[in-house]
Amino acid sequence: MKSLSLPFISKLALAIISIIGIGYLVKLGQSILAPFFLALLLALLFLPFSNFLEKKLRFPRSFSTMISLLILLSSIYLLFFFFGTQLSSFSKDLPHLEKQFITVFNDLQRWVSRTFDVNTNEQFKYLNEGLNKLLSSSGIILGFTLSIFSSGLGFMFFCLLFFIFILNYRRILNRFIVNVFDEKHKGKVEDIVSEIQNMTKKYISGLIIQIFIVSIITSIVLSILGVKYAILIGVLTGILNVIPYLGIVISMLIACFISFATGSASTTVYVFLAYIGIHAFDGNIILPFVVGSKVKINALFSFIGIIIGEQLWGISGMFLCIPALAIIKIIFERVEGLQPWGKLLGEEDKPTKKKRRVKISETITLEEKD
């Protein structure tokens, strides 16, 4: 029986309807799918450790899962403890920062009026009123920072619960994914699953290394420049840097704001230039070495993925969009008919220079003519 070949318009319409339907279901199931996907990534990260406990030390599956959970909870506790202590001291200094920022801003206003001979009293009056209203809400910066790290207790609870289930029933899940396809596709499905597991483990481990390196470099640079709360801003920069392009901009604005409120305008300029240098160093040296070789997604679709992820799952979607795109890219590259889409998501192949080869016969002919 001959297979029916649909025209291009019909294929395009079906593809658009499928994308809209999948997007709607993903948005609808945000409260379940977002923590499940994050738990899946964390479970793949702890998978080698769990296998070591079970195979080498002969621990039961449930015991190895509980040990992995305790390590994960300890890491989360240390992270929240650090930011809790840092933000508590930072919140106490908010009134002082407000006064100092207004003083520096007024000095800048007088310098502009004196240097450029421009009457800016009326213009800066409205700016000062807006600034006072902004800074009068002392919890606005604290609330924004906390919202970056926490999407609610429900999200964390479901994430930890899924983490336990995925580690405990990982063989059943893996067997289901392989057996749900036809026998002729089992080899390809096993290769895809294995590649996704290796990519995810290497990507997340590389991401953790990148966070540590960027945090240390930023903290050292800000300490040299004399910026207050250098360690807090450095760690915040390392974590926000997980969000491609937007994370470094958000952390730079926070660092410039604090340096302007606690220092001088020249220090703020130095901080701005320092962040440009850190971003260049991270993008050209750190990222290709520890992360870029694991997930090769081009900048265009990385940015599109961030926007779509934020629209679907909010802040958690911005963090999870890159590994999701990497998994989609691996699947596309292995499925017949979807290879062009996989190449579209990846980086452009660098053209290799072909050396001109001269045949021996041609060389002999030339020598005879001479």
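The secondary structure of the protein chain consists of 16 helices and 0 strands. Helices (H or I, at least four residues) and strands (E, at least two) are DSSP runs, numbered from the N terminus. The model is predicted: local features need pLDDT of at least 70, side-chain atom pairs count only at pLDDT 80 or more, and totals for chains, interfaces and linings use all residues. Residues are numbered from 1 along each chain as its sequence is written, and side-chain values use heavy atoms, with hydrogens and water left out.

Of the 370 residues in the protein chain, 33% are buried. Buried means under 20% relative accessible area, exposed means over 50%, and partly exposed lies in between (1.4 Å probe, protein chains only). The chain exposes about 23,500 Å². Carbon and sulfur atoms supply 68% of that area. Accessible areas come from the Shrake-Rupley method with a 1.4 Å probe; for residues, only the protein chains shown count as cover. Contacts were also examined by sequence separation. Among contacts with a separation of 6 or more, 71% join residues 24 or more positions apart. A contact means heavy atoms within 4.5 Å.

Two packed helices are described by the angle between their axes and the distance between the axes. Helix H2 (residues 30-55) and helix H9 (residues 186-225) have axes that come within 9 Å. These axes cross at roughly 95°. Axes are lines fitted to C-alpha atoms, for helices over the stretch in contact, and angles run from 0 to 180 degrees between N-to-C directions. H2 and H9 are therefore roughly perpendicular to each other. By the cut-offs used, angles under 35 degrees count as roughly parallel, over 145 as roughly antiparallel, 65 to 115 as roughly perpendicular and the rest as oblique. On the H2 side, the residues that meet H9 are Leu41, Leu42, Leu44, Leu45, Leu47 and Pro48. H9 contributes Gln197, Thr200, Lys201, Ile204, Ser205 and Ile208.

A salt bridge is a side-chain nitrogen of Lys or Arg within 4 Å of a carboxyl oxygen of Asp or Glu. Glutamate 54 pairs with arginine 61 (2.9 Å, N to O). Both of these residues are buried. Glutamate 54 also forms a salt bridge with arginine 170 (2.9 Å, N to O). Arginine 170 counts as buried because its relative accessibility is 13%. The value for glutamate 54 is 12%, so glutamate 54 is buried.

The remaining bridge joins lysine 329 and glutamate 333 (2.7 Å, N to O). Both residues lie in helix H14 (residues 315-334). They are 4 residues apart, so about one helical turn separates them. Lysine 329 is buried, at 14% relative accessible area. Glutamate 333 is partly exposed, at 34%.

Individual positions in and between the helices were then considered. Threonine 65 is found in helix H3 (residues 61-92). Its relative accessible area is 1%, so threonine 65 is buried. Leaving aside neighbours within four places in sequence, threonine 65 contacts Ile164, Leu167 and Asn168. Alanine 265 belongs to helix H12 (residues 265-292). At 36% relative accessible area, alanine 265 is partly exposed. The C-alpha atom of alanine 265 is separated by 8.3 Å from that of leucine 108, 157 residues apart along the chain.

Two loop residues other than glycine have a positive phi. Arginine 58, in the loop between H2 and H3, has phi near 60°. Arginine 58 is exposed, at 69% relative accessibility. Tyrosine 229 lies in the loop between H9 and helix H10 (230-240). Phi of tyrosine 229 is also near 60°. Tyrosine 229 is buried, at 11% relative accessibility.

A nonpolar surface patch comprises Phe8, Ile9, Leu12, Ile16 and Ile20. Together these residues have about 540 Å² of accessible area. Patches are made of residues with over 30% relative accessible area and no salt bridge; like charges are joined within 9 Å, and nonpolar side chains (Val, Leu, Ile, Met, Phe, Trp, Tyr) within 5 Å. Phenylalanine 8 lies in helix H1 (residues 8-28). Phenylalanine 8 counts as exposed, at 61% relative accessibility.
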